[in-house]
Each structure stands twice: as C-alpha cells, then as structure tokens.
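Have the structure open while you read.

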Amino acid sequence: MELRQLRYFVAVAEELNFGRAAARLRIAGPSLSQQIKSLERDLGVRLFERDRRTVRLTAFGETLLPQTRALLEQADALRRTARGFAASEPVRLGYVSWRPADLAERVSGVAQLLVDTWVMPSHTQAARVADGSIDLAICWVRATDLAEQELVGSLLGADRLFAFSIGDDSPVRARDTVVLVDADTEAWASWNIYAVEFARATGASVVRIDDHGITGPAFYDHVRRLGRPVVGSPKRDATPLPRDFVRRPIVDPIPVWTWALVSRQDEARPAVLATVEALTRDVKVEFDPGSWLPAEDPFRLASTWGG
C-alpha cells in the first residue's frame with residue numbers, strides 16, 4: 001500500500017467517477033482502476049461498488065475515507081517540513097525542446113534546479129531518468145514506456161500541431177496532410193512513432209526521408225517538393241518561416257503532442273518529489289474538441305477524439 005494509492009482512493013471517493021478522477025490526477029483511466037484494485041487487495045476489503053453507470057463507496061470505504069484523509073494530511077505536513085531541508089538539494093532536469101517559461105520561478109525555494117544542457121530526443125531523456133543519469137525529464141512518452149522503465153509521468157503541457165504549405169492558409173483536414181518519417185530512428189524515434197500512428201488513424205500520407213528534414217531548412221524543402229500540406233513536428237526550431245509559406249490549422253482531427261514531466265516510480269528524494277509537485281501544481285491543459293492523441297499517450301483520456 002502506497003500513499004499514492006491512498007490519494008487515488010480519495011480522488012475516486014470524491015468524484016465517484018473514475019474518468020473524472022483520472023483526469024484530476026492526470027493519469028490514464030485503466031491505470032487508476034488497477035491501482036484501486038491493488039489497494040483493495042492489500043487492504044482485503046472492497047472500497048467501491050461499481051457498475052457501468054455508477055460508482056459508490058462501500059461501508060468499508062465510508063469508514064476508511066476520513067482516516068485516509070487524515071493520514072494524507074499528516075504526510076503532506078511531513079513533506080512540507082522535509083521540503084525546507086531539501087531546498088538546497090540539486091535536482092537534475094533534462095528536456096527535449098520545450099520547457100515552461102517560468103520553470104525556475106516555480107521551483108524557487110523548493111530545490112536547486114540544474115537544467116541539463118544536453119538537449120536529447122524524448123526516448124533518450126526518459127531512459128536517462130530510468131537509469132539515474134538525471135532526476136526528471138520533460139519529454140513525450142508512451143504509457144508502455146512508463147510501465148517498462150518504472151517511470152511516472154505528469155502532464156505538463158501540450159502542443160497543437162499545424163501543417164505548413166505555400167499560399168492558402170485555410171484549415172486542412174488531417175487526411176489531406178503529409179507526415180515525414182526519418183530513417184534515423186535514434187534521433188527521431190518518438191516523432192516517427194507518433195507520425196506513423198497519426199497517418200494510420202487519419203489517412204494522412206507518410207513520406208520517408210533520410211536527411212533529418214523533420215525540422216529546419218530541409219523541412220521547407222520537402223514541403224516545396226511535395227506541394228502538399230506537411231505536418232510540422234513539435235521540436236522548436238529557429239529557422240524563419242519562408243515568406244511564401246503559411247501555417248495551417250489541421251482539423252478532423254486536431255493532432256496534439258503532449259509533454260510529460262517524467263520521474264522514477266521509486267523516487268524518494270524529498271527535493272525531487274517537491275520539484276515534481278511544484279512544477280505540476282495547478283497545471284491545467286485543455287484539449288480542443290476533436291483533439292487526437294496516440295493510443296499509448298498516457299493523457300489520452302483527457303482528449304475527445306479516439307481515432
């Protein structure tokens with residue numbers, strides 16, 4: 001039995017709806033359900049009666065709820081005390097291309113945040129957290145990656161993706177776009193996975209390249225060559241948009257790329273835990289109606305388009 005599971009119990013008890021509780025906790029619905037079942041096995045009692053339409057507390061759940069809240073309040077008080085000692089501890093954070101503009105401000109007084117200067121692909125940053133090279137990473141991650149590497153991911157931000165073409169700046173349907181997939185699977189593994197699944201789900205075309213033209217001048221060269229709207233990746237790039245190019249909204253559905261704050265499941269350092277709390281507290285990401293996320297995106301529950 002873990003404190004995390006007790007927090008899950010309280011969230012479900014307050015919402016009486018697994019979907020709403022999962023969205024509130026920023027975890028996938030199936031994962032929440034599994035954690036509640038695990039807690040019930042550890043306690044040896046059923047906490048909820050549930051069917052397809054309703055969720056309600058059992059008598060045991062009603063009895064344990066106030067005690068659980070009190071226990072969590074004590075744990076939070078202990079964490080606040082520990083945080084005072086942890087404020088000077090270094091916490092190493094890696095990222096891919098995006099990080100909150102107020103990153104340092106959020107963590108001020110909580111820990112000594114050391115932002116790693118090695119900008120690496122998402123899968124590499126997640127692996128570095130898993131092996132202890134860094135403490136946290138802001139990256140794109142799949143639910144299977146989290147499970148296999150014993151990581152936890154909290155939603156920190158999301159990018160709506162756009163298509164680029166020459167001339168017409170009207171919205172373009174997803175099925176009428178092109179996604180580029182690069183032969184360098186080490187550098188572009190995460191994007192390739194996302195792009196291929198997006199194409200399969202929407203009917204978009206896949207064009208395979210071998211020149212790292214997912215971003216930069218080579219990307220615009222591909223757009224010119226193809227003469228069709230090409231989906232841009234979420235990777236930030238300083239290359240200016242050519243004067244005759246336009247950025248076009250993609251619809252039916254809207255592709256969304258999520259950014260997770262990834263940490264280890266067994267993380268116990270107060271400074272790291274306090275940093276995670278400081279960075280994710282009050283974060284609310286609203287997805288546009290008709291948003292699309294890959295099937296393995298751990299935050300897919302919050303979107304409305306299944307693909």
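Leu 57 sits in strand S2 (residues 55–57); helices (H or I, at least four residues) and strands (E, at least two) are DSSP runs, numbered from the N terminus. This is a predicted model, so local features need pLDDT of at least 70 and side-chain atom pairs count only at pLDDT 80 or more, while totals for chains, interfaces and linings use all residues. Residues are numbered from 1 along each chain as its sequence is written, and side-chain values use heavy atoms, leaving out hydrogens and water.

Is Leu 57 buried or exposed? With 16% relative accessibility, Leu 57 counts as buried (buried means under 20% relative accessible area, exposed over 50%, partly exposed in between, with a 1.4 Å probe and protein chains only). Setting aside residues up to four places away in sequence, Leu 57 touches Phe 9, Ala 13, Leu 16, Leu 47, Phe 48, Glu 62 and Leu 65, where contact means heavy atoms within 4.5 Å. As for Ile 193, that residue is 136 residues from Leu 57 along the chain, and their C-alpha atoms are separated by 41 Å.

Now for two arginines. Arg 92 belongs to strand S3 (residues 90–95) and is partly exposed, at a relative accessible area of 32%. Beyond four places in sequence, Arg 92 touches Leu 114, Gly 132, Ser 133, Ile 134, Asp 135 and Leu 136. Take Ser 133: it's 41 residues from Arg 92 in sequence, with 8.4 Å from C-alpha to C-alpha. Arg 248, in strand S12 (residues 245–251), counts as buried at 10% relative accessibility. Its contacts, again leaving out residues up to four places away, include Asp 168, Asp 169, Phe 162 and Pro 229.

Next, the helix pairs. Two packed helices are described by the angle between their axes and the distance between the axes. Here, axes are lines fitted to C-alpha atoms, for helices over the stretch in contact, and angles run from 0 to 180 degrees between N-to-C directions.

| Helix pair | Angle | Axis distance |
|---|---|---|
| H1 (residues 3–15) and H2 (residues 18–25) | roughly 130 degrees | within 8 Å |
| H2 and H3 (residues 29–43) | about 100 degrees | 9 Å |

The angle makes H1 oblique to H2, whereas H2 and H3 are roughly perpendicular to each other. The cut-offs: under 35 degrees is roughly parallel, over 145 roughly antiparallel, 65 to 115 roughly perpendicular, and the rest oblique.

On the H1 side, the contact with H2 is made by Tyr 8, Ala 11, Val 12, Glu 14 and Glu 15, and H2 brings Phe 18, Arg 20, Ala 21, Arg 24 and Leu 25. For H2 against H3, the residues are Phe 18, Ala 21, Ala 22 and Leu 25 on one side and Gly 29, Leu 32, Ser 33 and Ile 36 on the other.

Last, the cores. A nonpolar core is a set of buried Ala, Val, Leu, Ile, Met, Phe, Trp, Tyr and Cys residues joined through side-chain atoms within 4.5 Å. Which members of the largest core, 67 residues in total, touch the most others? They are Ile 138, Leu 180, Trp 191, Tyr 194, Phe 198 and Leu 261. Strand S13 (residues 254–264) gives this core its largest share, seven residues. There's also a second, separate core of 21 residues, with Phe 9, Ala 11, Ala 13 and Val 55 among them.
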